Amino acid sequence: MNPHILVILLFGLGLGTTITFASSHWMLAWMGLEINTLAILPLMTQHHHPRAVEATTKYFLTQATAAATLLFASTTNAWITGEWNIQQMSNPFSSTLIILALSLKIGLAPMHAWLPEVLQGLDLNTGLIMSTWQKLAPFALLLQIQPNNPTLPVLIGLLSMLVGGWAGLNQTQLRKILAYSSIAHLGWMTVVLSFLPSLTLLTLLTYFLMTFSTFLMFKTNKATTINMLAISWTKAPVLTALTPLILLSLGGLPPLTGFMPKWLIIQELTKQELGLTATLAAMSALLSLYFYLRLSYAMTLTMSPNVLTGSTPWRLTSNLTVLPLAITTTGTISLLPLMPAMTTLLQL
C-alpha cells in the first residue's frame, strides 16, 4: 500500500475515535464511529486475498447493522425525551438497544459470531488494530451510558466469558484463538462496567498491553497455526522461552500481569453481593487458561512435525524492530507488583 494512503487511513482511524471520545451528542458520536469503520476497510483489503475480501464484507455488514441500530435507538430516545446527550439515556428501551448495538460493534456474545471469522481473514497487523484500537470508541460510549439496571451488562459479560472460553478450546488457528480470547476478556470488562467503570478501563488497557505483545510475538515467528508454533524455537529461542509467560498472563495466572484485573473484578463482584457471578467468572477463566496452556505446550514441550507441511521452513534474518515487543512483553509479565498503586488510582 502507498505510504501516503496508509498515513491518511491511520489518520482517519485516529480522527474517528477522537471524535467519538470528545462527543457528548449522539449524532457526533455516530459520525466518529462511521469514520472509524470506513478508515479500516481499505486496510483490511490491502492484500486483495479472497479471505480478506470476505472478512471485510462481513465486517462492513456487521458494523453497518450496529450503526443503524445505534442511530435508531438514539433518535428514538431524542424523540421521546427531547435529549441528544449521551449521558442522559432515560428511556429504558433506547438504552437497552444502544447497549446491544455497541455489543455487536465490539463482538460481545451473543453478537460475537462475526469476530472470529473476520479476524481469521486478516493479516496480523490489521488483526492487531481490530483487537485493540477498534474497541476504544464503543467502550467510550459504554462507559458514558451507565444504565440504571446493571442486569443486561452483567448477563452479556457473563455469556461472553463462557462463550469465549468454551469456543476457543477446539481451535487450531491462532487468529481464531485470539478472537475468542478477545470475546472472553471483553466479557470481564462488561460484567463490572455498571459497578466500577474505572476498573473496566484498567482491564481494557491491560488487555491491550497483553494482546499487543501476543500479536507481535506471532508476527515475529510468522505463526498462524499451533503447528507453526512448534518450530518457532529455531528462529527465536529466547522469545520461545518467554512466550508461555505471555500466554499465561493472558489467561490470568499469578504472578503475572493478567491476574491483576481478574482478581480486582472478582473482588468487586463479591462486594456487590454477586457471589454466583464471581464464581462463574472464575470458572470461565479456567476454560481460557486451558487453551493458553495448550499453546504453551505446543510451543515448548513438543517436537516439530516431520511431515512436509510442518517441516521447518527457511529462516532468514528478520529486520523487524524488537523494541515494541520487548517493552510490551516486559509489561505483560511483570506489572503485577504495581497492583497496590492501581487500586489506589481506582479509589480516587
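Predicted model: local features only at pLDDT ≥ 70, side-chain atom pairs only at ≥ 80, totals over all residues.

Visitor: Which residues of the largest nonpolar core touch the most other members?

Guide: A nonpolar core is a set of buried Ala, Val, Leu, Ile, Met, Phe, Trp, Tyr and Cys residues joined through side-chain atoms within 4.5 Å. Buried means under 20% relative accessible area, exposed over 50%, and partly exposed in between, using a 1.4 Å probe on protein chains only. The largest core holds 27 residues, and those touching the most other members are Trp26, Leu70, Ile98, Leu102, Phe139, Leu141 and Leu142.

Visitor: Which helices each supply at least two residues of this core?

Guide: Helices (H or I, at least four residues) and strands (E, at least two) are DSSP runs, numbered from the N terminus. By that numbering, the suppliers are helix 2 (26-44), helix 3 (50-81), helix 4 (92-106), helix 7 (136-145), helix 9 (174-191) and helix 10 (197-221).

Visitor: From which domains does this core draw at least three residues each?

Guide: Domain bounds come from an automatic or database domain assignment. Here the assignment gives two domains, with bounds 1-117 and 149-347. The core draws at least three residues from each of them, domain 1 and domain 2.

Visitor: How many residues of domain 2 are in contact with domain 1?

Guide: The C-alpha centres of domain 1 and domain 2 lie 25 Å apart. On the domain 1 side, 13 residues take part in the contact, and on the domain 2 side the number is 14.

Visitor: What is the volume of the largest cavity?

Guide: On a 1 Å grid over the protein atoms alone, a cavity is a set of points where a 1.4 Å probe fits but cannot get out, and lining residues have an atom within 4 Å of a point. Grid points are joined across faces, edges and corners, and a volume is the space filled by probe spheres set on the points. The whole structure has three cavities of 30 Å³ or more. For the largest, the volume is about 100 Å³.

Visitor: Which residues lining the largest cavity are the closest to its centre?

Guide: Helix 2, helix 3 and helix 7 each give two or more residues to this lining, and helix 2 has the largest share with three. Of the 13 lining residues, the closest to the centre are Asn36, Tyr59, Gln63, Gln134 and Pro138.

Visitor: Which helix gives the most to the lining of the second largest cavity?

Guide: This cavity has a volume of about 50 Å³, and its lining includes His185, Tyr207, Ser249 and Lys262. Helix 9, helix 10, helix 12 (237-251) and helix 13 (259-271) each give two or more lining residues. The one that gives the most, with three residues, is helix 10.

Visitor: Is histidine 48 buried or exposed?

Guide: Histidine 48 sits in the loop between helix 2 and helix 3, and its phi is near 55°, a positive value in a residue other than glycine. Its relative accessible area is 67%, so histidine 48 is exposed.

Visitor: What is the relative accessible area of glutamate 273?

Guide: Glutamate 273 also has a positive phi, near 60°, and its place is in the loop between helix 13 and helix 14 (275-300). Glutamate 273 is exposed, and its relative accessible area is 72%.

Definitions and conventions
Residues numbered from 1 in each chain as written. Heavy atoms only, no water. 1 Å grid on protein atoms, 1.4 Å probe; cavity = no way out; pocket = protein on both sides within 12 Å on 5 of 7 lines; lining within 4 Å. Contact = heavy atoms within 4.5 Å.
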